[in-house]
Amino acid sequence: MRSLRSRPGRRALLDGLLTFSASHHAIRADKVLTAAGMTTRLVPGPKDLSPNCGTAVRFEHDRRDLALEVLSAKNVEIDSVMEYRPRTDQWEAASRPRRWRRSR
């Protein structure tokens, strides 16, 4: 099996998303992938993609095959694997409430 370590001098791009049928599967997947040397992050699971579980795991999508191989070897149940693309339409800035200013 090839090494799962991130390439030196390069920040991991967490552009993959693993969803699960239960939160304990997500936590276990995070631990297994981290122990194998992959960079991961537990995140809230998108309800429209996986209504069963409130937790998902972000990982490097270009290393998907290796991640799936490791998770399969450790019998971790996965609901789905997809590419994660963050929103770029400035939705956060638009949804913040404006500061109230007192008029004189």
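At what angle do helix H1 (residues 23-35) and helix H2 (residues 64-73) pack, and how far apart are their axes? In this predicted model, the two helices pack at an angle of about 115°, and their axes are 10 Å apart. The axes are lines fitted to C-alpha atoms, for helices over the stretch in contact, and angles run from 0 to 180 degrees between N-to-C directions. Helices and strands are DSSP runs numbered from the N terminus, a helix being H or I with at least four residues and a strand being E with at least two.

The model is predicted, so local features need pLDDT of at least 70 and side-chain atom pairs count only at pLDDT 80 or more, whereas totals for chains, interfaces and linings use all residues. Residues are numbered from 1 along each chain as its sequence is written, and side-chain values use heavy atoms, with hydrogens and water left out.

The secondary structure of the protein chain consists of three helices and four strands. Along the sequence these elements follow the pattern β-α-β-β-α-β-α. Of the 104 residues in the protein chain, 35% are buried. A residue is termed buried under 20% relative accessible area, exposed over 50% and partly exposed in between, for a 1.4 Å probe and protein chains only. Contact means heavy atoms within 4.5 Å. Among contacts in the protein chain between residues at least 6 apart in sequence, 71% join residues at least 24 apart.

Strands of a sheet pair through backbone hydrogen bonds, either parallel or antiparallel. Here, four strands form an open sheet in the order E2-E3-E1-E4, with antiparallel pairing. E2 and strand E4 (80-83) are the edge strands, each of which pairs on one side only. From one strand to the next, the twist averages 30°. Two strands are taken to pair if DSSP finds at least two bridges between them.

Strand E1 (residues 16-19) is joined to E3 by four bridges, and these two strands run antiparallel. Four bridges also connect E1 to E4, again in an antiparallel arrangement. Individual residues of E1 illustrate both pairings. Leu17 stands opposite Arg58 in E3 and opposite Met82 in E4. Thr19 has Ala56 as its bridge partner in E3 and Ser80 as its bridge partner in E4. Gly16 and Leu18 point one way from E1, Leu17 and Thr19 point the other way, and all are buried.

Strand E3 (residues 55-59) is mostly covered, with five of its five residues buried. Both of its faces are covered: Thr55, Val57 and Phe59 lie on one side, Ala56 and Arg58 lie on the other, and all are buried. Four bridges link E3 to strand E2 (residues 41-44), and the two run antiparallel. In this pairing, Arg58 of E3 is the bridge partner of Arg41.

Two packed helices are described by the angle between their axes and the distance between the axes. H1 and H2 are roughly perpendicular to each other, a term that covers angles of 65 to 115 degrees; angles under 35 count as roughly parallel, over 145 as roughly antiparallel and the rest as oblique. Ala29, Val32 and Leu33 in H1 meet Ala67, Val70 and Leu71 in H2. By class, this contact of H1 with H2 has six nonpolar, no polar and no charged residues. Nonpolar residues are Ala, Val, Leu, Ile, Met, Phe, Trp, Tyr, Cys and Pro, charged residues are Asp, Glu, Lys and Arg, and the others, Gly among them, are polar.

Ser23 belongs to helix H1 and counts as partly exposed because its relative accessibility is 32%. Not counting residues up to four places away in sequence, Ser23 touches Cys53, Gly54 and Thr55. Ser23 and Gly45 are 22 residues apart in sequence, and their C-alpha atoms are 9.5 Å apart in space.

The loop between H2 and E4 contains Asn75. Most residues other than glycine have a negative phi, and most peptide bonds are trans. Asn75, a residue other than glycine, has a positive phi near 55°. Asn75 is exposed because its relative accessible area is 65%. Glu77 is also found in the loop between H2 and E4, and it counts as partly exposed at 48% relative accessibility. Apart from neighbours within four places in sequence, Glu77 is in contact with Phe20, Ser21 and His25. The C-alpha atoms of Glu77 and His24 are separated by 9.9 Å, although these residues lie 53 residues apart along the chain.
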